[in-house]
Structures are given as structure tokens and as C-alpha cells.
Amino acid sequence: MGVAEDAFERLRRIAFEGEHVERMAALGVRMKLSPGVIKTLMRLAKADGVSMGDMARGIGCDPSYITALVDDLDERGLATREPAPCDRRVKIIVLTDAGRALATEIDSILSVPPAAFAALSQAELRQLRDLLDKVLAADEAATESRASRVKVGVAAQ
């Protein structure tokens, strides 16, 4: 295993095992929300509205799964479907005020770092943050590049 794989494996363990996962599960039980609904809610909170298709692509799942997640959000009064301004056939998922408030509450709970972060000094935490910012910036640039290539490919057809 290379260094990049090693580092990513450790990030994956922090995000998908231990305290964070326990916190997510407890949230789901307390709020009676599935992990999929929580993730959809959190993605929607970062945008003014997301098309059903873009949400499915962003999560990497079948559009029918997004339909089920949005049905759940809609039934709870947390999100609505609205026609896209440029194409009324496309449905945009928009959070309601209650959905935004719940997303803010969930974000505040999930943003608390695991207790194990106390093992790092303030300088080490700043260094970790800065290194992760660098990785995120590179990931965003790669995502934008892929998206522009897809748009060019679609336009050429």
C-alpha cells in the first residue's frame, strides 16, 4: 500500500468508523431519519436548490432512490419539489424553513470533532486542516474539470 492509500485509509476510518458513525446513528434514531435522508438534507443545505438528477449523480445512486429520499423529506415538510426555471420538466429539490433549521441542527452536531482530536496540538490541528484544504481544493478542481468535459461531450453529440 502506498502513502496516499495509507493516508486515505486513515481518513476513511475516522469518517466511517468509531465516534462519528455512532453520532450519526444516534442522530438517525433520535430524529427518526435514515442516513440517506440525513445526507440528502445536508447536501441540500449547501445549495438553493438541486435537481433530482444532479442529486442522484452527486450521491452516486439511482434516481429512484433519490425519489424515495425526497418523498420522505417532502412528507416531513422538510423539502419541496419545484419546477426548474429553465425547464419545467426538471424538478428542483428545495429545503423548507423547517428543513434548513433541521440541517443546521444536524450540522452543528456532526461538526463536533471526535474526542481523539485532543491528541493533536493546536499547531498540528492547523497543519492537518491546511493539508486537508489543499486536498479539497484539488478535488474540487478535478470535479469541475470532469464536469466541463462532460458538458463539452454532451454538446458535441
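Visitor: Where is Pro113 found?

Guide: Pro113 sits in the loop between helix 6 (97–110) and helix 7 (122–156). Keep in mind that this is a predicted model.

Visitor: What is Pro113 in contact with, leaving aside its neighbours within four places in sequence?

Guide: Pro113 is in contact with Glu19 and Arg23.

Visitor: And how far is Pro113 from Cys61 in space?

Guide: From C-alpha to C-alpha, 28 Å; in sequence, Pro113 and Cys61 are 52 residues apart.

Visitor: Why does Pro113 count as partly exposed?

Guide: Because its relative accessible area is 46%, and partly exposed covers values between the 20% limit for buried and the 50% limit for exposed.

Visitor: Let's switch to Thr40. Buried or exposed?

Guide: Thr40 is buried, because its relative accessibility is 0% and buried means under 20%.

Visitor: Which helix is Thr40 in?

Guide: Thr40 belongs to helix 3, which covers residues 35–45.

Visitor: What does the side chain of Thr40 reach?

Guide: The backbone oxygen of Gly36, at 2.8 Å.

Visitor: Which residues does Thr40 touch, not counting those up to four places away in sequence?

Guide: Thr40 touches Met55, Ile59, Leu69 and Leu73.

Visitor: Stepping back, how many helices and strands does the protein chain have?

Guide: The protein chain has seven helices and three strands. In sequence order the pattern reads α-α-α-β-α-α-β-β-α-α.

Visitor: What about helix 1, what should its span be?

Guide: Helix 1 has 14 residues, 3–16, and at 1.5 Å a residue it should span 20 Å. Its end C-alpha atoms are 20 Å apart, so the two values agree.

Visitor: Which residue with a positive phi follows helix 1?

Guide: Gly18, with phi near 70°.

Visitor: Now the whole chain. What box do the C-alpha atoms fill?

Guide: Roughly 50 × 45 × 25 Å, taken along the principal axes.

Visitor: How many residues are there, and what share of them count as buried?

Guide: The protein chain has 157 residues, and 23% of them count as buried.

Visitor: What share of the contacts with a separation of 6 or more comes from residues 24 or more positions apart?

Guide: In the protein chain, such residues account for 55% of those contacts.

Note on methods:
Residues numbered from 1 in each chain as written. Predicted model: local features only at pLDDT ≥ 70, side-chain atom pairs only at ≥ 80, totals over all residues. Heavy atoms only, no water. Helix = DSSP H or I, 4+ residues; strand = E, 2+ residues; numbered from the N terminus. Buried < 20%, exposed > 50% of the residue type's maximum accessible area, 1.4 Å probe, protein only. Polar contact = N/O pair within 3.5 Å; in protein donor to acceptor, adjacent residues only side chain to side chain. Contact = heavy atoms within 4.5 Å. Expected span 1.5 Å × (residues − 1).
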